Amino acid sequence: MTKASYRFIKDGNTYTTAQGNNRFEAQLKLELQFQTDLTGATFEELWKGKVERIGIVK
């Protein structure tokens, strides 16, 4: 899957990135942008407007 959107939810805050080649790239981009650690966050991978994958960042 290429250029999916990712949403990370941690401690009641939602962090969304428009696009990324993979979850790790999107996670790193958001961690640097917001100066936060997303370990333990729930993530959603969105492709063409629907949720494709849900998981927890380890």
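This is a predicted model: local features need pLDDT of at least 70, side-chain atom pairs count only at pLDDT 80 or more; totals for chains, interfaces and linings use all residues.
Trainee: Okay, in which helix is the place of Leu-30?

Mentor: Leu-30 belongs to helix H1, residues 23–34.

Trainee: And is Leu-30 buried or exposed?

Mentor: Buried means under 20% relative accessible area, exposed over 50%, partly exposed in between (1.4 Å probe, protein chains only). Leu-30 has 1%, so it's buried. For contacts, look for heavy atoms within 4.5 Å. Not counting residues up to four places away in sequence, Leu-30 touches Phe-8, Tyr-15, Thr-16, Thr-17, Gln-35 and Leu-38. Take Phe-8: Leu-30 and Phe-8 are 22 residues apart in sequence, and 9.0 Å apart in space from C-alpha to C-alpha.

Trainee: Now the sheet. In what order do the four strands come?

Mentor: Two strands pair if DSSP finds at least two bridges between them. Here the order is E2-E1-E3-E4, in an open sheet with antiparallel pairing. Strand E2 (13–20) and E4 are at the edges with a single partner strand each, so one side of each has no neighbour in the sheet.

Trainee: How many bridges join E1 and E3?

Mentor: Five, between E1 (residues 4–10) and E3 (residues 42–47), in the antiparallel sense. Ser-5 stands opposite Leu-46 in E3, and the bridge partner of Arg-7 in E3 is Glu-44. On to E4 (residues 50–56): E3 pairs with E4 over six bridges, also antiparallel. Those two strands make a hairpin with two residues between them, and Lys-48 in the turn has a positive phi of about 55°.

Trainee: What about charges? How many salt bridges does a search of the whole structure find?

Mentor: Side chains of opposite charge can pair when their charged atoms come close. A salt bridge is a side-chain nitrogen of Lys or Arg within 4 Å of a carboxyl oxygen of Asp or Glu. The search finds three. In one of them, Glu-44 meets Arg-7, with the closest N and O atoms 2.6 Å apart. Glu-44 lies in strand E3 and Arg-7 in strand E1, so this pair ties together parts 37 residues apart in sequence. Glu-44 is buried at 16% relative accessible area, whereas Arg-7 is partly exposed at 27%.

Note on methods:
Residues are numbered from 1 along each chain as its sequence is written. Side-chain values use heavy atoms; hydrogens and water are left out.
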